[in-house]
Amino acid sequence: MASAPSPEAARGGSPAIAAASPSRFAAARSKHGPGYLFLLPWFIGFFGLTLGPILISLYLSFTDFDLLTAPHWNGGANFVRIFTADAKFIQSMRVTLTFVIVSVPLKLAFALVVALLLNRGMRGLPIYRAIFYLPSLLGASVAIAVLWRQLFAGNGLVNQFLLNFGIVGPSWISNPRYSLWTLIALAVWQFGSPMIIFLAGLRQIPLDMYEAASLDGAGKWRMFRKITLPLLTPVIFFNAIIQTIEGFKSFTPAFIISGGTGNPINSTLFYTLYLYQEAFGFFRMGYASALAWILLVIVAVFTSFSFLTSKYWVHYDN
Amino acid sequence: MTTLHRRQFLLGSAAALAAGAISPAFAADTKLRLLFWGGKARADRTFAATDLFSKANPGVTIDGEFMAFQDYWAKLGTQTAGGNAPDIIQMDYRYIVEYAIRNGIAPLDEFVGGALQLDDFDKDQLDGGKVDGKLYGISLGANSVALMVNEAAFKEAGIESPGRDLSYEDLPALAAKFNAANKRSGMKLFQDGSGVEPALENWLRQRGKALYTADGKAAFDGQDMTDWFKLWADLRAADVIVSAEDQALDATDAIENTMITLGKATTTFANSNQLIAFQAVNKDPLTMTNFPRIKPGSGGGHYRKPSMFFSIGGTSANKELSAKFINFFISDPEAAKALGVERGIPCKASTREVVAPTLDAQSKIALEFVSNLGDLLGALPPAPPANAGEVSTQLRTTSQEVAFGQTSPEDAGPAFFDQASATLARAKKG
């Protein structure tokens, strides 16, 4: 049972242990063999469907692959063009950054407020939780994007409602001034999954801290600022990273609402949508692969930046 | 004990797998794969024709698959790259050159006179399927651009609906009459056509220009484009066309979102074979006429375009049989009746004779329209160059920039020309 080699043994200091290791590996192999056999489908999937294509796309990003003919190596030409002569790259970057920078904090704030409201031990909590979570389940779906299109069109429900107050609204989705904001609203509305995680985080804060604080005469707001928020920072941190990555990856709503065009006037040209257009609209697979790798690097930079700053504001229990 | 079990299990499953792998080989029939774009109406007609072919050729089944135009090219490109292209491929005028020069589709000349009987096939339609002198696609129908017209809206307003002689110069006066009648509140006379590539092409051709030269360059200049954007800016100012916001609802030319279907305009730029599809989603009775002339008496903007082709996959193992199927598709009387003119007007005279008496009202209008273009008809332009599709999306974006007031026609004209030229130059040569 307890035969797993201890870390010290694995590092192998003495010759005796080193000599013993081949037979130990053999033993380990026969023991773990079936385990690996059962893992085989996963390994095949990982190497064949995930790692393999990722590496191939890295190679393709240095080629002019167009789906129909064999790829030709063209050095860094794709990257040079992206960074020096591609107005659509800049536009799509601007749209995506606006989307991420506005929608992620709003979504987290929304999720936190709703989680705080739900955390007051009310009756029927599971039902409310389910209701608030529902948009997140539907969120990435085509149906919701189509519905959003209907809601925010010129004579959609939103404008019908505004008409009650004498406001004649614009056609939100087809006006370049508002189209991105309807997509941000859609993203914020899908606050369900960070909310669930916040809720779980709130449950872990020991009640006796609040009791002690209230004995000391702290008010609700003060307790929130001094106890809830600091103890929740690991969860906030986790949510922020996940949502930021999700934001960069966002594709379906813009694709459906703009019919895959990113219009009006490229105002909803998300980075992923531009990448898709290059790959599947204009068959520049090599160029699109280069775009994909740039996105990967950007997301990695954002994430590592978050990790670097986290030590200044994220408080772990001990 | 356990090993034995495992071995038995492995043996058993291997046998099962082997049986599964072998069984298709026992089946005597040949399967042809057919890929096409279109909606359900087209699929129903197509599958009726493939069933007829299977009945006439026992042992041959056609495995048909269809999807929307935009998804189609990604799917076909992926299958072709994987060496897994279908046997029979629906091909567009826009892509035939790209597929032909890369051997994605096979030349058909060796089958002409054999499996393919093309004696009474319209010559201009046959030539439309040629690349570098070799035949790569069989046109499934002739087509022309056409203006969809909401007849009822004009009738209510007491105005005669626009016909053959309509010119862009007439539009402000006609719109004033239509707006004064005020029968359909908010409905405008025209959609905003400034971002519609076929409308631009038709207008350019009437000026003696074109979209593209035979060697794949822009055949217009910045001044042409300034005039074009200016034309529409003036129409916008004269209350002839829909607002920029409304026009932007029509992002992809999907029939459901066109200005005529949304009730925002009395007309929409489209193609002659689409009247059936437009009528299916419009309550008001529609009719069809030509795109406006640029001034009274000018013509030559229209042309009879091969609406789509059937080509044979470059890697198909059953090219001869596929050619036989294509021949059946374009000439068998029963198949012709099932297909009607949904893909355009049939290119064989004998097929047209079979089809004509069976047509419904909209199809008859389409047949009449394409057969009687007269002075509106000009020569078939060369197939569009690679990246033409991207230029078309740029036209739409630039037209929106002008319509929303972010730029002026004077600036947009040269800017669009530069952008289009750069895009065309970016295309990879063969």
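Lining residues are those with an atom within 4 Å of a cavity point, and a cavity is a set of grid points where a 1.4 Å probe fits but cannot get out. The model is predicted.

A search of the whole structure gives four cavities of 30 Å³ or more. The two described here compare as follows.

| Cavity | Volume | Lining residues | Classes in the lining |
|---|---|---|---|
| Largest | about 170 Å³ | 16 residues | eight nonpolar, four polar, four charged |

**Largest cavity.** Its volume is about 170 Å³. Of its 16 lining residues, B:L140, B:F329, B:L339, B:G340 and B:P346 lie nearest the centre. Two helices of chain B, α12 (319-331) and α13 (333-339), each supply at least two residues of this lining. By class, the lining holds eight nonpolar, four polar and four charged residues.

**Second largest cavity.** In chain B, α10 (244-248) and α16 (388-403) are the elements that give two or more residues to the lining. Which element gives the largest share of this lining? It is α16(B), with four residues.

Key:
Residues numbered from 1 in each chain as written. Chains lettered and ligands numbered in written order. Predicted model: local features only at pLDDT ≥ 70, side-chain atom pairs only at ≥ 80, totals over all residues. Heavy atoms only, no water. 1 Å grid on protein atoms, 1.4 Å probe; cavity = no way out; pocket = protein on both sides within 12 Å on 5 of 7 lines; lining within 4 Å. Points joined across faces, edges and corners; volume = space filled by probe spheres on them. Nonpolar A, V, L, I, M, F, W, Y, C, P; charged D, E, K, R; others polar.
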